[in-house]
Amino acid sequence: MKEFTYVLPRSLPEAEAAAKKPGATLKAAGIDLVDRMKERQFQPTEVVNLLLLQPDLGGITADADGSMRIGALATLAQIAASKDFAAEGYAALREAAGEAATPQVRNRATAAGNVLQQARCWYLRSSELHCLHGKDGPSCLAQVGDNRYHSVLGYHDCVRVHPSNLAPALLALDCEYTTQLAGKQQRRRVADLFPLEPKAQLEEHTLLPGEIVIAFHVKAQPKSARSAYRESREKLSFDWATTAAAARVVMDGGVIQEASLVLAAVAPVPLPRPDAAKLLIGQKPSDELFHRVALRAFADARPLSHNAYKVQVGQAIVREVLHATTR
Amino acid sequence: MTEDRSTGSAFSRRAFLKGASAAAVTGAAATAATHARGPVELETFAPGTHAIALQVNGKEQKLAVESRTTLLDALRDRLDLTGAKKGCDRGACGGCTVIVDGVTVNSCLMLAIDAIGKPITTVEGLAQGGVDHPLVQNFAHCDAMQCGFCTPGMVMSSLQCLNQNQQPDRQTIQRAIAGNICRCGTYGRVCEAVERTAAGRGDQALRAPAHGGSK
């Protein structure tokens with residue numbers, strides 16, 4: 001790791017001021033950041049530590065309107081074990097957080113850090129290789145190289161996949177997030193956190209330089225709501241998802257009234273599939289129905305040379321997550 | 001008892017304050033110190049060495065670190081606590097697992113400065129007065145190791161499993177040690193060692209960890 005100045009702000013305004021300096025980067029637990037700095041793939045001159053801002057950015061708390069606030073610094077372990085998310089409607093959050101990485105990582109990794117971590121493409125993550133994505137290379141190396149873990153959907157000139165477990169769950173529950181920039185707070189839908197056209201040479205999120213994520217907001221879920229997160233992996237534990245899906249369903253009298261479906265690990269951003277989810281509305285759950293939804297969710301898939309398996313496996317995961325929300 | 005391993009740099013005023021108030025460094029004492037220097041001056045650790053204090057296995061240890069020094073390097077290279085192992089150095093093997101503030105962490109991905117003021121337990125903390133913790137005794141009894149490189153990390157994840165659940169079932173144990181890779185494949189015997197400890201086997205005099213155990 002190259003030397004850097006470690007800055008320890010004690011308040012949000014201090015953190016904002018420190019983050020504005022050229023060469024500065026924000027750090028929460030640093031699970032992703034320290035890794036990239038050790039690889040010398042990213043060499044900030046100033047690292048601004050947010051961990052001392054627990055009073056502003058930590059914890060999982062209830063807001064007056066019944067919604068839950070997940071502080072940016074809440075850990076994946078806290079989310080997975082939270083009694084506030086015990087109801088079926090919040091299961092996707094618990095499952096997504098609880099399945100990520102390892103106990104050691106979940107004990108430190110934060111909500112915001114998980115959502116904002118950099119893609120895990122092995123070409124992008126190597127300091128030796130120069131690809132198109134923010135590294136001034138001539139082309140996306142994964143498109144012609146080993147792309148077994150890369151995108152099959154929604155990609156343009158860079159086929160990285162978004163690595164966050166939590167993001168698809170937050171999207172399936174139509175969550176919001178609050179940021180602070182220049183002393184002003186702004187609350188938006190989590191969908192706005194990701195670019196509509198996820199190209200190379202762009203940030204993987206829509207935050208402005210120095211903009212700090214404060215919290216995510218989870219709407220109060222009705223008793224009839226159920227949600228789930230499922231992922232496929234090559235190993236039973238301690239592995240990145242090869243495909244993943246989060247879903248939320250509200251049923252009444254055995255008929256699906258509301259539905260959302262979000263794919264992950266198959267595109268450069270977590271990918272809501274509203275057209276596929278629409279097929280569920282007004283229907284009774286059945287494997288035949290879920291099969292059609294799964295086909296629709298991957299209808300526009302364009303697999304690369306080594307990842308055609310992701311389409312079939314991803315469809316199976318969609319069926320599994322829908323069964324989990326309706327059984 | 002305080003041991004001073006800080007070398008190569010003079011004790012700064014801030015470092016002294018950190019040492020003196022290490023247990024409450026994120027609390028009121030440190031805040032007061034920050035304010036005393038005025039609101040404009042941000043606390044920073046520039047490139048170069050800085051004297052800090054860490055609470056390791058119930059003892060305050062003074063040592064010199066750089067901003068980029070990981071907790072693992074601080075423990076191994078500065079404090080000579082070589083139980084925690086550097087396998088991958090990327091949070092992918094679990095060999096560096098220690099307990100910080102009541103939870104297991106990959107010490108290779110944690111900056112040493114981030115551990116200031118938090119109780120740290122390493123595998124060395126599981127031997128007191130020459131007597132091993134029953135979990136360690138049961139690792140030996142069950143022969144839960146071959147080459148032994150993963151063992152210190154495996155022991156810490158196992159200890160955390162027992163701290164959180166006094167009678168863990170096999171699945172709970174498996175989930176608890178999922179972040180520790182053993183290339184010799186000793187997982188089954190590790191689970192047996194944890195179960196044997198939960199069943200009260202081994203010298204129970206040291207059953208409860210003295211420091212940094214459960215949160």
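Between which helix and which strand of chain A does the loop with A:C175 lie? In this predicted model, A:C175 sits in the loop that runs between helix 9 (166–172) and strand 6 (176–181) of chain A. Because its relative accessibility is 1%, A:C175 counts as buried, the cut-off for that class being under 20%. Leaving aside residues up to four places away in sequence, A:C175 touches A:L170, A:R189, A:V190, A:H217 and A:V218. For one of these, A:V190, the C-alpha atom lies 5.7 Å from that of A:C175, although the two residues are 15 residues apart in sequence.

| Property of chain B | Value |
|---|---|
| Secondary structure | seven helices and nine strands |
| Buried share of the 215 residues | 52% |
| Share of contacts with a separation of 6 or more that join residues 24 or more positions apart | 63% |

The crossing of helix 5 of chain B past helix 7 of chain B is right-handed. On the side of helix 5 of chain B, the contact is made by B:M154, B:S158 and B:L162, while helix 7 of chain B contributes B:Y187, B:V190, B:V194, B:T197 and B:A198. By residue class, this contact of helix 5 with helix 7 of chain B comprises six nonpolar and two polar residues, with no charged ones.

How values were computed:
Residues are numbered from 1 along each chain as its sequence is written. Chains are lettered from A and ligands numbered from 1 in the order in which they are written. This is a predicted model: local features need pLDDT of at least 70, side-chain atom pairs count only at pLDDT 80 or more; totals for chains, interfaces and linings use all residues. Side-chain values use heavy atoms; hydrogens and water are left out. Helices (H or I, at least four residues) and strands (E, at least two) are DSSP runs, numbered from the N terminus. Buried means under 20% relative accessible area, exposed over 50%, partly exposed in between (1.4 Å probe, protein chains only). Contact means heavy atoms within 4.5 Å. A crossing is left-handed if the near helix is turned anticlockwise from the far one by less than a right angle, and right-handed if clockwise. Ala, Val, Leu, Ile, Met, Phe, Trp, Tyr, Cys and Pro count as nonpolar, Asp, Glu, Lys and Arg as charged, and the others, Gly among them, as polar.
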